[in-house]
Amino acid sequence: PLSSGRGMASWPPAMFGDTLRGKDGVEVNTIDALAGKVVGVYFSAHWCPPCRKFTPKLAQIYEDLKAQGKNFEIVFASSDKTVEEFTEYHGEQPWLAIPYTNRESKNKLSKKFEVQGIPSLVILDETGQIINKDGRAAVEEPHKFPWQPPTLAEALGDTFVDGNGAEVKLADITAAGKNIGLYFSAHWCGPCRQFTPQLVKTYTKLTEEDKPFEVIFVSSDNSPEEFAGYHDEMPWLPPPFSFP
């Protein structure tokens with residue numbers, strides 16, 4: 001077993017390298033800088049106008065959270081084209097950066113987090129696990145730090161309605177050890193109407209085989225009437241249409 005906090009924090013160098021670039025180019029030890037902290041990995045570049053617009057906003061949020069004593073750090077993963085651009089851009093940022101020479105770590109992170117465009121901010125917990133891949137949107141609500149995504153019950157509610165109109169509790173579904181599929185669909189959607197009978201067939205077969213599987217219909221219908229009519233074609237559960 002690991003015997004020290006330093007040993008338990010071995011994920012930061014595995015992800016970012018042994019050292020990071022601090023303010024004014026000062027080299028800092030990655031473990032010392034990130035151990036026990038929520039970390040935002042900030043994919044950005046000097047040449048990117050949306051990045052230049054978002055960076056000052058992120059810097060203000062970062063400074064406010066630090067002033068509140070939040071255990072938070074950001075690491076800049078640069079997509080700049082030259083070391084000069086990187087150095088100038090990082091000079092505008094109050095957080096740490098992967099050294100520009102460490103292209104290997106930056107490229108691995110882009111692949112690991114499936115970064116498709118910049119700016120992008122990925123929030124990690126104190127063990128290096130992803131909390132939120134859409135950190136750019138999440139930090140718009142700094143009071144929700146560390147931006148844990150909602151649970152299923154928080155997102156959909158804890159009560160559903162079966163085909164007979166009877167209420168079913170989420171706790172009963174999870175207590176039964178069932179795998180849950182969330183089916184986002186709507187009556188007005190042509191591809192949905194084509195796919196639903198196929199899903200019904202599969203669901204019915206799995207149910208008859210006593211497989212631990214449940215589907216929850218998450219409706220995008222435009223009215224309670226459309227919702228009710230469409231759900232009549234389905235053997236599974238939806239949250240009540242009025243749920244926000």
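Select Val 41 and Val 122 to begin: Val 41 stands opposite Val 122 in strand S6. The model is predicted; local features need pLDDT of at least 70, side-chain atom pairs count only at pLDDT 80 or more, and totals for chains, interfaces and linings use all residues. Residues are numbered from 1 along each chain as its sequence is written, and side-chain values use heavy atoms, with hydrogens and water left out.

Next, select residues 120–124, which form S6. Strands (E, at least two residues) and helices (H or I, at least four) are DSSP runs, numbered from the N terminus. Five of the five residues of S6 are buried, meaning under 20% relative accessible area with a 1.4 Å probe, protein chains only. Show the side chains: Ser 120, Val 122 and Leu 124 point one way, and Leu 121 and Ile 123 the other way. In a regular strand the side chains alternate between the two faces of the sheet.

Two strands pair if DSSP finds at least two bridges between them.

Then select residues 130–132, strand S7; two bridges join S6 to S7, and these strands run antiparallel. Here Leu 124 stands opposite Ile 130. Five residues lie between the strands of this hairpin, where Gly 128 takes a positive phi near 90°.

Finally, show the whole protein. The view holds eleven helices and eleven strands. The C-alpha trace spans about 65 × 45 × 35 Å along its principal axes. Of the 244 residues, 43% count as buried.

Notes: Buried < 20%, exposed > 50% of the residue type's maximum accessible area, 1.4 Å probe, protein only.
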